[in-house]
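Colleague: Hi! I'm new to this one, could you walk me through it?
Modeller: Happy to, let's look together.

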Amino acid sequence: MYKLIALDMDGTLLNSHGAISPRNKQAILAAIAQGTRVVLASGRPLEGMNWALEELGMTGKDDYVACYNGSLVYQVADKRLLRSQTVTGADAKKLAELANKLGVHVHAFSVKAGLITPKHNYYTDHEAKINGLSITEVDFSTLSDDEEMLKVMMIDEPEKLSAAIAQLPASLYEQYNILQSAPFFLEFLHTDSHKGIGVKAIAQQFGINADEVICMGDAGNDKQMLEYAGLGVAMANATDDIKAIANHITASHNDDGVALVIEEFVLNK
């Protein structure tokens with residue numbers, strides 16, 4: 001019996017219009033009504049997730065959310081932190097310098113200053129728009145070494161970003177958890193930050209074992225939570241590497257793939 005469902009947002013719960021379909025919403029509400037816990041686990045900041053939590057009624061003291069790919073895990077009702085794992089201003093400076101050498105843009109999420117970038121660009125504007133955030137232009141060389149950063153991102157056109165990824169020093173993969181959440185987003189997090197750790201922390205709050213958890217996702221930043229779950233589900237629109245590790249492949253985010261899984265494995269329709 002599955003007791004917890006963890007859902008990625010973009011490309012999974014949300015369709016191409018950035019909305020939750022009526023069938024997905026109905027299935028989630030039915031699962032909650034029968035006692036199954038549902039949590040959102042996203043690379044987004046909390047500000048970009050609140051509307052979905054409110055639409056699904058997941059705003060109580062027993063509701064939790066994993067933001068920034070698990071770097072922060074909150075109890076929703078009072079924003080109490082269950083888990084926090086950050087990188088630093090020194091990391092942001094180093095990665096910005098490397099991004100400049102590789103010819104790609106960079107931005108970061110600062111605990112103090114929010115979304116920051118050395119230079120306005122299309123992809124930082126996109127990040128700000130989908131999450132309802134403002135952008136602060138900051139010369140990263142001026143950041144304090146100990147400033148708390150939730151994550152640092154290299155961002156650019158997919159072709160340019162792929163070329164940059166191919167040139168990343170191997171040592172970086174030992175220093176950071178490096179995740180590609182979209183063809184134009186490469187994320188650098190603390191080595192102990194990912195969605196798998198975030199979902200596990202929430203499950204442990206309720207004494208739920210991994211084999212009682214369903215996780216659904218579509219991209220590289222969903223890998224660890226699919227590996228953690230008793231049932232790891234890839235969307236039909238997922239990348240090939242995510243499909244390869246999944247226990248089950250459902251329909252796409254535009255074809256109510258989330259609802260189909262809940263109906264089959266939780267509601268037993």
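**Strands and domains**

Modeller: Let's start with two strands: β1 (residues 4-7) and β2 (residues 37-41) run parallel and are joined by 4 bridges. Keep in mind that this is a predicted model.

Colleague: Okay, and which residue in β2 does Ile 5 stand opposite?
Modeller: Ile 5 stands opposite Val 38.

Colleague: What sheet are those strands in, and what is the strand order?
Modeller: They belong to an open sheet of 8 strands, ordered β5-β4-β3-β2-β1-β13-β14-β15, and the pairing is mixed.

Colleague: Which strands stand at the edges?
Modeller: Those are β5 (80-84) and β15 (248-249). Each has a single partner strand, so one side of each has no neighbour in the sheet.

Colleague: Switching topic: how is the chain divided into domains?
Modeller: Domain 1 takes in 4-84 + 193-267, while domain 2 covers 87-190. Their C-alpha centres are 24 Å apart.

Colleague: And how many residues are in contact between them?
Modeller: On the domain 1 side there are 15, and they contact 13 residues of domain 2.

Colleague: What area is buried there?
Modeller: About 1200 Å² is buried between the two domains, with carbon and sulfur atoms giving 54% of that. On the side of domain 1 that touches domain 2, the residues divide into 4 nonpolar, 9 polar and 2 charged.

Colleague: How many salt bridges and polar contacts cross that interface?
Modeller: The rule finds 0 salt bridges between domain 1 and domain 2. For polar contacts, it finds 8 residue pairs across the interface, both residues at pLDDT 80 or more.

Note on methods:
Residues numbered from 1 in each chain as written. Predicted model: local features only at pLDDT ≥ 70, side-chain atom pairs only at ≥ 80, totals over all residues. Heavy atoms only, no water. Domains from an automatic or database assignment. Contact = heavy atoms within 4.5 Å. Buried area = accessible area lost by both parts, 1.4 Å probe. Salt bridge = Lys/Arg side-chain N within 4 Å of Asp/Glu carboxyl O. Polar contact = N/O pair within 3.5 Å; in protein donor to acceptor, adjacent residues only side chain to side chain. Nonpolar A, V, L, I, M, F, W, Y, C, P; charged D, E, K, R; others polar. Pairing = 2+ DSSP bridges.
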